[in-house]
Amino acid sequence: MSTSTQSLELRTFQAGRDGETADGPTAGWLEADFLGFLGRRPTEAHAAALGGYLREDGQELTGVYDTASPEHSLRPDIPVATFASFEKPLTVSPGVQLKAHLISSVTVRATHRRRGILRRMMTEDLRRAAEAGFAVAALTASEASIYRRFGFGAATWVHELTVDTDARFALMKAPSGRCSVVDPRDIPALAGTVFDAFHASQPGSIGRHAQYSDRISGTLTDEGEEDRARRAAVHYDESGVVDGYVTYRFGGWETKPHAIEVNDLVAATGDAYLALWQYLASVDLSTRVTFSSGAPDDALRWALVDPRVLTVTNVEDRIWLRILDPIAAFSARRYTSDGEVTFRVVDSLGFADGFYRLTAAEGAGSLERIGSGSVDIEMDAWVLGALYLGGADPRVAAAAGALSEVVPGSAETLQRLLAPAVPVYCNTAF
Ligand SMILES: CC(C)(COP(=O)(O)OP(=O)(O)OC[C@H]1O[C@@H](n2cnc3c(N)ncnc32)[C@H](O)[C@@H]1OP(=O)(O)O)[C@@H](O)C(=O)NCCC(=O)NCCS
């Protein structure tokens, strides 16, 4: 595809590789992506590895090229803006997945910002995603003020957990199974099954892109090198099957108290999760563990003899959802209570705009379009995205004025209808 506005040309192409190296358009696009996210210029080998991952994911890359750049500017094949999209499954209820349109690598060069380039890339991409039949689009945001205008609402959060692992750390009950230290380079071979089991039952979880296993094992960091400080442990259940893993690194002798920084911790069972924390706490010479992607409803707090050794030191939004097809999205997820509510969605991009009735009975739900007129609730498209998985509370949205309760009590009805079977959480960033 190729369109032009003045000197700017927007091109969308599949990530590609040319033998051992990233092909020309992909290599130029990667240069721009790293520039936008304040990274190092990728080496040829790094670009080749990344090109391979992007290709494996089937990522569709968009670059905006300035055909009138002045002399000495970066090469013309390095775009002034980047955008990527690809498909991964989103777990919307335990055991129920929906293919999601993921958006990533959104950058616009400082010299070209605030000219509507992001708006153009985003609206064209969302239109293609809707035409391709995606019910939801998702992204993770580096700034929280950008994406509501495009109909995205924050739908899952992560808590940064800081746990003091000195003598006060103790679990009420010893978890079953055992832990073992493994070579982090073996994690990619072990992590897939563990993640798949976790992912299948965890609403909010998003399938991981190809680069993830090398990223968590430290084989290839964002700097394009191996992180030789990366360490790993796994948990075996009582029959000897690996059902959890953790990768981490020591934060350095300069940091006091000496701390371990968890890079990724995934467990398919509660015992595996707690046993891995027990392992981390038992590492000598460190008296603190930090984990920036913890679940908001964390089981460790319940399991600790002294829950105050755990502090939430940061809260961040993780997945932002955009509903492209409300009927498909709301009919796919499961419901934990029966009832009915009507609402109006105002969507400046049109995809979700309309009047709807949501009905749920015996776990299943359906959403249907109704004629315009009086409804229980009115909300913007970004609020619909935020509420979809049930991780955000419509009553709080109403109190904040983000949702308008036309019929008193209807926000509570919606909250009851959308309440998830288990708390939502996503431990994947993209
Ligand atoms: C964020 C970024 C992509 C915006 O690109 P841009 O081309 O300047 O954006 P546009 O000109 O198309 O602006 C689109 C709209 O978003 C708004 N907007 C853009 N960047 C914003 C920001 N950082 N904060 C708040 N609003 C922002 C604009 O005001 C505009 O609003 P309007 O259309 O409702 O009037 C660009 O500044 C950038 O590359 N930043 C660094 C990398 C980054 O943070 N990427 C986001 C990754 S999730």
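How many Å separate the centres of domain 1 and domain 3, taken over C-alpha atoms? The separation is 33 Å.

## The model and its domains

This is a predicted model: local features need pLDDT of at least 70, side-chain atom pairs count only at pLDDT 80 or more, and totals for chains, interfaces and linings use all residues. Residues are numbered from 1 along each chain as its sequence is written.

The protein chain splits into domain 1 (2–134), domain 2 (158–316) and domain 3 (326–418), with bounds that come from an automatic or database domain assignment.

## Where domain 1 meets domain 3

Seven residues from domain 1 and seven from domain 3 make the contact (C-beta atoms, placed from the backbone, within 7 Å). On the domain 1 side, strand 6 (81–93), strand 7 and helix 3 each give two or more residues, and helix 3 gives the most, with three. Helices (H or I, at least four residues) and strands (E, at least two) are DSSP runs, numbered from the N terminus.

That side has five nonpolar, two polar and no charged residues. Here Ala, Val, Leu, Ile, Met, Phe, Trp, Tyr, Cys and Pro count as nonpolar, Asp, Glu, Lys and Arg as charged, and the others, Gly among them, as polar.

## Valine 312

Look for valine 312 in strand 16 (residues 310–317). Valine 312 is partly exposed because 13 other C-beta atoms lie within 10 Å (20 or more would be buried, 12 or fewer exposed, with C-beta atoms placed from the backbone). Leaving aside neighbours within four places in sequence, valine 312 is in contact with His159, Glu160 and Leu161.

Notes. Two residues are in contact if their C-beta atoms, placed from the backbone, lie within 7 Å.
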